[in-house]
Amino acid sequence: MAVDAAGVHIGQSDMPARIARKLIGDNKILGVSASNIEEAMQAYKDDANYLGVGAMFITDTKTDAR
């Protein structure tokens with residue numbers, strides 16, 4: 001907000017998307033990381049503009065994929 005960025009991307013361990021949306025307003029872009037359908041649906045309900053989807057398959061570097 002201090003630099004008037006076009007938007008923000010938040011992860012699941014950041015503040016809830018609904019609060020971020022209230023802080024940045026309707027004219028800024030809100031992106032949310034989602035790793036399952038429940039998180040994706042919540043981001044939709046919280047008025048996110050886009051989703052960042054993490055690892056889809058387990059790899060040597062992403063062993064936590066589900």
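## Layout

Helices (H or I, at least four residues) and strands (E, at least two) are DSSP runs, numbered from the N terminus. The C-alpha trace spans about 40 × 25 × 15 Å along its principal axes.

The model is predicted: local features need pLDDT of at least 70, side-chain atom pairs count only at pLDDT 80 or more, and totals for chains, interfaces and linings use all residues. Residues are numbered from 1 along each chain as its sequence is written, and side-chain values use heavy atoms, with hydrogens and water left out.

## Surface

The accessible surface comes to about 5100 Å², of which 57% belongs to carbon and sulfur atoms; areas come from the Shrake-Rupley method with a 1.4 Å probe, and for residues only the protein chains shown count as cover. Of the 66 residues, 24% count as buried. Buried means under 20% relative accessible area, exposed over 50%, and partly exposed in between (1.4 Å probe, protein chains only).

Ile19, in helix 1 (residues 17–24), is partly exposed at a relative accessible area of 33%.

## Asp46

Asp46 sits in the loop between helix 2 (37–45) and strand 3 (50–53). Leaving aside residues up to four places away in sequence, Asp46 touches Ala17, Arg18, Arg21 and Leu30; contact means heavy atoms within 4.5 Å.

Asp46 is buried yet has no salt bridge, and the nearest side chain of opposite charge, Arg18, is 5.3 Å away. A salt bridge is a side-chain nitrogen of Lys or Arg within 4 Å of a carboxyl oxygen of Asp or Glu. Lys and Arg count as positive and Asp and Glu as negative, while His and the chain ends are not counted.
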